[in-house]
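Subject: Model for your review

Hello,

Here is the model we spoke about, with the sequence alongside. Please open it before you read the notes below.

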Amino acid sequence: MNLPKSMVFTKSHEWVKFLSEDTALIGLSDYAQDQMGSLVFVNLPMVGDEVIAGEPLGDVESVKAVSDVYSPVTGTVSRVNEELLDAPESINQDPYAAWLVEVSDISDRDDFLSATEYEEFCLKEE
Amino acid sequence: MKLLFEKSIPGRRSYYLAPCDVPEYTLPAPMQRQEALDLPELSETDVSRHYSALERLSFGVNQGFYPLGSCTMKYNPKINEKLAALSGFTEIHPLQPEHTVQGALRVLYEAERSLCEVTGMDAMTFQPAAGAHGELTGLMLIKRYHEARGDTPRRKIIVPDSAHGTNPATVSMCGMEVVNLSSGADGCVDLEALRQAVGPDTAGFMLTNPNTLGIFDPNIMRITEIVHEAGGLCYYDGANLNAVVGVVRPGDMGFDCVHLNLHKTFSTPHGGGGPGSGAVGCKARLEAYLPAPRVVMSEEGKLSLQQDCPESIGKVRSFYGNFLVVLRAFAYLTTLGQDGLPEVAKNAVLNANYLMKRLSERFTIVNQGFCMHEFVITMEREAKEKHVTAMDMAKALLDCGMHPPTMYFPLIVKEALMVEPTETEGKETLDEAAEIFLSLYDRAMAEPETMHEYPKETVIGRPDEVRAARHPNLRYRKAES
């Protein structure tokens, strides 16, 4: 399974990469994109939106279904990867480069899994 | 295949009007069209052949077995069409004086009474044009009910995660908030989770029963009780009514509001052949909020359209909905009668269980024990071990003279195929379908790589779904000259 060690993961299949103490990039795991299949639309929040740990921050649509993306942290959206709006397939091609949003002023966070713990979790899911 | 526009020959036509016998009138200049309409010019022969060719490319219940889960693709009796073609119904206008359309009003009135009896509701509207439209109308009634009582904090609608996607979408469209409820492995409601989810902000609860796995929730009475005790109302999504129609009634299960897909359960053409009708029934406490006008009967038996409904949520569609669809459904209901209707549900359930049992010889069935009117196969193991997916199986079925089941739904099942044979298929058809399924399964095990090549016989095989979703080409554009 393709899992960078520099990232932490959630049970709802998002990855989190901390850029500093209170700023992080958020994306979807390789396992998530593989399960969803070819993505056709991405719906992201706006810069300045407040997101809450465990609550939806946007959604992604594949040829099979629409799925919510849950925010792993509480904070303010400081950047949005707008390139994904025109090229959602980037998430399928390189899920760990295709970040969705950057969240700053992080005040709370979900329970994260390390790469190894996440791998075990995914194997159990199967 | 060429489009009608591409077949157009300048000057060709298929009608000749009689000479004009009234004085010609020229519209004021600002109202005049600046350039001619770009319509195809064709003879009647050209048009007729074009549509016959399109018909040959499509597949419907008139061609063969169509077990598209959750869609109830039953045969549509021809008597429905015969009645809907009567000129007394087709050659009337919605704004005609009421005393000249008593027969049509009678159809709406009687259909409402009959379907209220079938669902255990007190009143019904036929305005919504389809199921999801009915859901929206139903939730608007529930929202208005709470608002009218000044109970404004009730903004949340609880929806199980096994629900059709239209349920949460409807909640959003209605400006309310979705509370997603996790289901048990059987797709049934987890009573403890429901107890935790309800509260003073609960406006209502939406449920499809039997659920998307074809299971009738054994706790249904407890479920509606928990929601009512918390002050919420219960909405019955009638998508799966074919499993229970004439046998049990949503009203008796404790539901306050229901939509019916007349085009599914009550046998009117759909799936490209529509239009549909998403009739919404409700208990007396919601009746005042139904869309206007309502058909009412005076003491002398005279029917009229009641326009004055001050508490109504307003119109949700022009006039009275898809009248001829309601008429077809009423014809179906009347043909079957009180004794025939339960046979529909019983045979739908019997057929589904028979086919499920036959397919369980090879396939992994998600349902435990008996199913209702449909069942779900999972191809998860075959996808993992042989790389043969639900999609491959569905595509291969296209070459075997039948329509594939619903794929990748419900979402809680991986590599799902959802099969709904309906009551209008004989045992021979089910046996034939079972043989096809089983032989394809054997091929998938023996030569898995060949399963990616199907279909070979259809005009379109495996369209590029990503491109179809992102860059749909839906209309004719005249080439720049």
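This is a predicted model: local features need pLDDT of at least 70, side-chain atom pairs count only at pLDDT 80 or more; totals for chains, interfaces and linings use all residues.

For chain A the mean pLDDT is 93, and 100% of the residues reach 70 or more. Within chain A, strand β8 (residues 73–80) has the highest confidence, at a mean of 97, and strand β7 (residues 66–70) has the lowest, at 90.

Chain A

Chain A has four helices and nine strands. Read from the N terminus, the order of its elements is β-β-β-α-β-β-β-β-β-α-α-β-α.

Six of the strands of chain A make an open sheet with antiparallel pairing, in the order β1-β2-β3-β9-β8-β5. At its edges are β1 (8–9) and β5 (50–51) of chain A, each of which pairs on one side only. Inside that order, strand β3 (residues 23–28) and strand β9 (residues 101–109) of chain A run antiparallel and are joined by three bridges. If you want a place to look, A:Ala24 stands opposite A:Val103 of β9(A).

Strand β9 of chain A also holds A:Asp105. The phi of A:Asp105 is near 50 degrees, which is positive although the residue is not glycine. In general, most residues other than glycine have a negative phi.

Further pairing in chain A involves β4, β6 and β7. Strand β4 (residues 39–43) of chain A is joined by four bridges to strand β6 (residues 56–62) of chain A, and the two run antiparallel. Here A:Val42 stands opposite A:Val60 in β6(A). β6(A) is also joined to β7(A), by five bridges and again in the antiparallel sense. In that pair A:Gly58 faces A:Val69 of β7(A). β6(A) and β7(A) form a hairpin, with three residues between them. β7(A) is also the strand where the confidence of chain A is lowest, at a mean of 90.

Chain B

Chain B contains 16 helices and 13 strands. Its radius of gyration is 25 Å, close to the 23 Å given by the globule rule for 481 residues, so chain B is as compact as a globular protein of that length. The C-alpha trace spans about 75 × 60 × 45 Å along the principal axes of chain B.

The domain assignment divides chain B into domain 1 (4–25 + 38–57), domain 2 (79–335) and domain 3 (343–468).

Chain B has an open sheet of seven strands with mixed pairing, in the order β1-β7-β6-β5-β4-β2-β3. Its edge strands are β1 (123–125) and β3 (177–181) of chain B, each pairing on one side only. From one strand to the next the twist averages 25 degrees. One parallel pair in chain B is strand β4 (residues 202–208) with strand β5 (residues 233–237), over five bridges. B:Met206 stands opposite B:Tyr235 in β5(B).

Two peptide bonds in chain B deserve a look. The bond from B:Asn209 to B:Pro210 is cis, with omega near 0 degrees. B:Pro210 lies in the loop between β4 and α9 (220–229) of chain B. The bond from B:Tyr454 to B:Pro455 is also cis, with omega near 0 degrees. B:Pro455 lies in the loop between α15 (427–446) and α16 (465–470) of chain B. In general, most peptide bonds are trans.

Contact between the chains

How many residues does each chain bring to the contact? Chain A contributes six residues and chain B contributes seven. On the side of chain A that touches chain B, four of the residues are nonpolar, one is polar and one is charged.

Regards

Note on methods. Residues are numbered from 1 along each chain as its sequence is written. Chains are lettered from A and ligands numbered from 1 in the order in which they are written. pLDDT is the predictor's confidence in each residue, from 0 to 100. Two residues are in contact if their C-beta atoms, placed from the backbone, lie within 7 Å. Ala, Val, Leu, Ile, Met, Phe, Trp, Tyr, Cys and Pro count as nonpolar, Asp, Glu, Lys and Arg as charged, and the others, Gly among them, as polar. Domain bounds come from an automatic or database domain assignment. Two strands pair if DSSP finds at least two bridges between them. Axes are lines fitted to C-alpha atoms, for helices over the stretch in contact, and angles run from 0 to 180 degrees between N-to-C directions. The radius of gyration is taken over C-alpha atoms; the globule rule is 2.2 Å times the number of residues to the power 0.38.
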